[in-house]
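Let's take a friendly walk through this model, starting with the whole chain and ending inside it. Have the structure open as you read.

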Amino acid sequence: YEVSRVQFNRFSPQSAVANQPQDHPVTGITTHMISQYCRRYRLRLLSVEEWMTVFGKHDYPWGNEAPNDGGKYRANYETTRDGWSETAPVKSFSEYSSPFGLVNLAGNVWELISDGTVRGGGYFSFPENLKRDSFEQSGKIDVNLIGFRCVKEP
């Protein structure tokens, strides 16, 4: 899952996210804070190769169907059409996870990965931003739209 606000608050209880919905992804933090979080818990961000792998060979984490095929919303994007005005809880849309069980790889918040780009699109994104190979430089997107997920080595 994306790192939630409750998880981040355990690391930094004085952070600005303390009074926001706790089961939503943490946003509005710096890349330095993300690095500190990862270091403290001996975690790391996904690499580009891992990001591409967790999608399998599909355009989207759930397959090749567009995010709203058949009137079903498979991700949180294009604000409010899916029932959320901004971010959704990190466990939302779990029925549309990747072949490896990763949830919300597409939509909700852009996710910072190890090369400094952000991937997956967010709640303001268009469907094409949710695709496997879509990315943006992190400096081009408002920090309030960026979250992250971590990898723990076995």
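A residue counts as buried under 20% relative accessible area, as exposed over 50%, and as partly exposed in between, with a 1.4 Å probe and protein chains only. By that cut-off, 48% of the 154 residues of the protein chain are buried. Keep in mind that this is a predicted model, where local features need pLDDT of at least 70 and side-chain atom pairs count only at pLDDT 80 or more, while totals for chains, interfaces and linings use all residues. Residues are numbered from 1 along each chain as its sequence is written, and side-chain values use heavy atoms, leaving out hydrogens and water.

Now for the fold. The protein chain has three helices and six strands (DSSP runs: H or I of at least four residues for helices, E of at least two for strands, numbered from the N terminus). Read from the N terminus, the order is α-α-β-α-β-β-β-β-β. Its C-alpha trace spans about 45 × 30 × 30 Å along the principal axes.

What about contacts, meaning heavy atoms within 4.5 Å? Among those in the protein chain with a separation of 6 or more, 56% join residues 24 or more positions apart.

Finally, look inside. A cavity is a set of points on a 1 Å grid over the protein atoms alone where a 1.4 Å probe fits but cannot get out, and lining residues have an atom within 4 Å of a point. The structure holds one cavity of 30 Å³ or more, a volume being the space filled by probe spheres set on the points, which are joined across faces, edges and corners. The largest cavity has about 40 Å³ of space, and its lining includes Trp62, Arg74, Phe93 and Asn104.

Methods:
On a 1 Å grid over the protein atoms alone, a cavity is a set of points where a 1.4 Å probe fits but cannot get out, and a pocket is an open set with protein on both sides within 12 Å along at least five of seven lines; lining residues have an atom within 4 Å of a point. Contact means heavy atoms within 4.5 Å.
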